[in-house]
Amino acid sequence: MESLRRVESRCSVADTDDFDLSRMLDKQPRLNIERKRSFDDRSLSELSISGNFRHTESYESMLSPMATRSVLDTPASSSKNVFDPHPIVFEAWESLRKSLVFFRGQPVGTIAAIDHSSEEVLNYDQVFVRDFVPSALAFLMNGEPEIVKNFLLKTLQLQSGEKKIDRFKLGEGAMPASFKVLHDPRRKKDTIIADFGESAIGRVAPVDSGFWWIILLRAYTKSTGDLSLAETPECQKGMRLILSLCLSEGFDTFPTLLCADGCSMIDRRMGIYGYPIEIQALFFMSLRCALSMLKSDAQGKEFMERIARRLHALSYHMRSYFWLDFQQLNDIYRYKTEEYSHTAVNKFNVIPDSIPEWVFDFMPMRGGYFIGNVSPARMDFRWFAVGNCVAILSSLATPEQSVAIMDLIEERWEELVGEMPLKICYPAIESHEWRIVTGCDPKNTRWSYHNGGSWPVLLWLLTAASIKTGRPQIARRVIELAETRLLKDGWPEYYDGKLGRYIGKQARKFQTWSIAGYLVAKMMLEDPSNLGMISLEEDKAIRPVIKRSVSWTC
Ligand code: GLC
């Protein structure tokens, strides 16, 4: 599938039999439980752990299984998708299957893009962890969990290798941003090289990879009812290693996770350093997912207690300080500054003059959102799609906040959805600010790529959030919009312009997550019970004590 290329000596190369998937797979007992699709995410029994924290998902609640079928070797088919004769669906499945990457005969992921027209391949010929998530969901929803299992095990093995950037050794728990399978036809050998940021443009750290891995492990477990994978010592250890990285104590005064720029889907300098919403929402979601999958043995228990404490503080912090609605904006506008001691209202000493002009017009009377970043004297008021949708799916957003986020999307439809769903962030930064924030990045010019570009992959997240908040009509509308263009335009990676009308300047065609994102959106709308694998119900025990803005309950 991919040509053999010279591997840089710095890359993590794994070419031994340690990477033989079948060895690990053989150890897993196969479960074949009858499918009982359930939209309801609540547990049958609530598990009580330290303090007053109770988490509302246990293994039992994950049993909304479907009969596990191994159809990876079946010919390209969308036979299960008889619900929709839309020709795009068939085309999409075909393209998705073409993107499969095999390791020693087994599918282990999907390539980021198969764009034959593009001159430079860069790293689009790799399996990206974050890009594989919508592919994985599509396969799970289509009753093909095997590839997801293979992927989870493969990336787990990559995690356990030594990772170095120049002379610096990375944390044990780090998960790769991407990996590539190299086929040597002469030696009849497949090898894998992983990229933990050491080859990535800008050497960015993929903080989101480990979180997506945990979220995907839960989605797999929830969808198949196969608890045996998550229960293996390897998966339990993998989760603990990821968690050790992000739960470790340091100098922080906030429960949010401090990150460098480019640490997630936005993997370029875009001024998201600090406490970006996307990472905080994924952090929250993966903590909740891990809590439902960790075994309460001696090691697991300790982590469960740490998670419970962190969730409590994190949800309070996020719901209080990242939340912005009309009322809250007005409060910040009137903030006093230079307040000392714990009686301070303006805790982070945000100077009202730093509120950008656009936000006053953008903020509707009805609606709200989690802003991009909060740190001392800095609030990034930009709206980000992934963070806000994941906040809804993980129930980091209270039910009132979830409703408000969807209200805002409806109220600001033209700005956020436009002609191609969905803007990665809003608004774009321009001129002097663009120079300072992006370092003059020619790919991230205003309303392009990560700077206010429109990404079809986000369709699945918006659809999931719409269904969860009981607004499937939004999902229907955005899917219809996407259907008018996606196939015709060759599944671009992103669109440009204020309305997202133009195919992105440097956008890849046949971008796998654009294809998979569409399929997932389609399948979720058709069968909302699919939502359960990627959504967590509200946990009453982690509701904030104090509400900052009355408009939450309006
Ligand atoms: C770009 C995107 C990143 C994605 C990768 C592969 O670098 O910014 O989010 O994972 O392409 O599609």
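Reader: Which residues touch the most other members of the largest nonpolar core?

Author: In this predicted model, they are Trp213, Tyr369, Trp383, Leu458, Trp460 and Tyr518, out of 163 residues in that core. Helix α8 (residues 277–293) gives the largest share, 12 residues. A nonpolar core here is a set of buried Ala, Val, Leu, Ile, Met, Phe, Trp, Tyr and Cys residues joined through side-chain atoms within 4.5 Å; buried means under 20% relative accessible area with a 1.4 Å probe, protein chains only.

Reader: What is Tyr518 in contact with, leaving aside its neighbours within four places in sequence?

Author: Tyr518 meets Ile88, Val89, Ala92, Leu459, Ile479, Glu483, Leu486 and Trp491, where contact means heavy atoms within 4.5 Å.

Reader: How do I read the packing of α3 and α4?

Author: Two packed helices are described by the angle between their axes and the distance between the axes. Here the axes of α3 and helix α4 (residues 146–159) come within 9 Å and cross at roughly 150 degrees. That makes α3 roughly antiparallel to α4, a label for angles over 145 degrees. Val129, Phe132, Ala136, Phe139 and Leu140 of α3 meet Ile147, Val148, Phe151 and Thr155 of α4. These residues divide into eight nonpolar, one polar and no charged.

Reader: Is α3 enclosed or open?

Author: 13 of the 13 residues of α3 are buried, so α3 is largely enclosed by the rest of the structure. Just after α3, Gly143 has a positive phi of about 75 degrees.

Technical notes:
Residues are numbered from 1 along each chain as its sequence is written. This is a predicted model: local features need pLDDT of at least 70, side-chain atom pairs count only at pLDDT 80 or more; totals for chains, interfaces and linings use all residues. Side-chain values use heavy atoms; hydrogens and water are left out. Buried means under 20% relative accessible area, exposed over 50%, partly exposed in between (1.4 Å probe, protein chains only). Helices (H or I, at least four residues) and strands (E, at least two) are DSSP runs, numbered from the N terminus. Axes are lines fitted to C-alpha atoms, for helices over the stretch in contact, and angles run from 0 to 180 degrees between N-to-C directions. Angles under 35 degrees count as roughly parallel, over 145 as roughly antiparallel, 65 to 115 as roughly perpendicular and the rest as oblique. Ala, Val, Leu, Ile, Met, Phe, Trp, Tyr, Cys and Pro count as nonpolar, Asp, Glu, Lys and Arg as charged, and the others, Gly among them, as polar.
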